[in-house]
Amino acid sequence: MTCTHGFHLVDSSPWPIFTACAAWIFTSGFVSYLHSYKYSNMFVLFGLIAIIFCITCWWRDVIRESTFEGQHTQIVQTGLSFGMALFILSEVLFFFAFFWAFFHGSFAPIIELGTKWPPLGIFSLSAKYVPALNTGILLLSGCSVTWCHHTILKRFREEAIISLLLTVILAFIFTTLQIFEYWNADFDISDSIYGSTFYLATGFHGFHAQILIGSIFLGICLIRLIKHHFTDNHHFAFEAAAWYWRANISLHLNI
């Protein structure tokens, strides 16, 4: 049957429900692990492996539909752009809750905190060393991902690969320094509202955004770029990754 419209009628897929079940197993196992339940670590491991497997298969199908079947027309890409924009907005609101908690505690520290911020007994990390270096690395990665975008539009493929590879390397360096910063911190997540908000905000930013989504997203785009999946007028996957990466840079500057 000849298609007379530009929309993509998605085929039935098992991956949404499978991914949801895997996420439920992982989160349930993680909560059980925090309460020291027996065999909970096995559920965490199984859930994590299942999530990785489901996401890999799901992304494989989407890449096939976009690159080899030509299902992602201009209308479809416009819809995907709105979806990605709403996803980034949800991330901003997610982190806004952590900022609210931090400012609420810092503007009027209660007597249990010694009426001081940071609370008595907590020595905050100096912003002049690792945080400043990490900020510079992220800003540099923002420049390199923008460089990659322009080279894709100009059809300079070799420069695009080099610039995107540089971005992935900078993301790895950022993650390594973030782990080093945690390792040398004098407080932990249980040290009052200061420790809780610090580790929740920076932890979600570093682990959830940079490692799981940002770095993996850019890494997959690098592989697809090497395999000639992107053209100057059909590279929305990279644009989405670049949008998300820049949004995370903005969040890091606020944190």
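Analyst: Here is a look at the domain contact, with some background on the chain as a whole.

This is a predicted model, so local features need pLDDT of at least 70 and side-chain atom pairs count only at pLDDT 80 or more, while totals for chains, interfaces and linings use all residues. Residues are numbered from 1 along each chain as its sequence is written, and side-chain values use heavy atoms, with hydrogens and water left out.

First, the overall picture. The protein chain has seven helices and zero strands, where helices (H or I, at least four residues) and strands (E, at least two) are DSSP runs numbered from the N terminus. Its C-alpha trace spans about 70 × 45 × 30 Å along the principal axes. Of the 255 residues, 37% are buried, meaning under 20% relative accessible area, with exposed set at over 50% and partly exposed in between (1.4 Å probe, protein chains only).

Ten residues from domain 1 and eight residues from domain 2 make the contact, which means heavy atoms within 4.5 Å.

How much area is buried between domain 1 and domain 2? About 780 Å², with carbon and sulfur atoms giving 70% of that; buried area is the accessible area (1.4 Å probe) that two parts lose on being put together, summed over both. On the domain 1 side, G6, W59 and I63 supply 48% of the area buried against domain 2, more than any other three residues.

As for polar links, two residue pairs are in polar contact between domain 1 and domain 2, both at pLDDT 80 or more. A polar contact is a pair of N or O atoms within 3.5 Å; within protein, one must be able to donate a hydrogen and the other to accept it, and residues adjacent in sequence count only if both atoms are side-chain atoms. Salt bridges between the domains come to zero, taking a side-chain nitrogen of Lys or Arg within 4 Å of a carboxyl oxygen of Asp or Glu.

S66 counts as buried because its relative accessibility is 10%. Leaving out residues up to four places away in sequence, S66 touches Q71, H72, R224 and H234.
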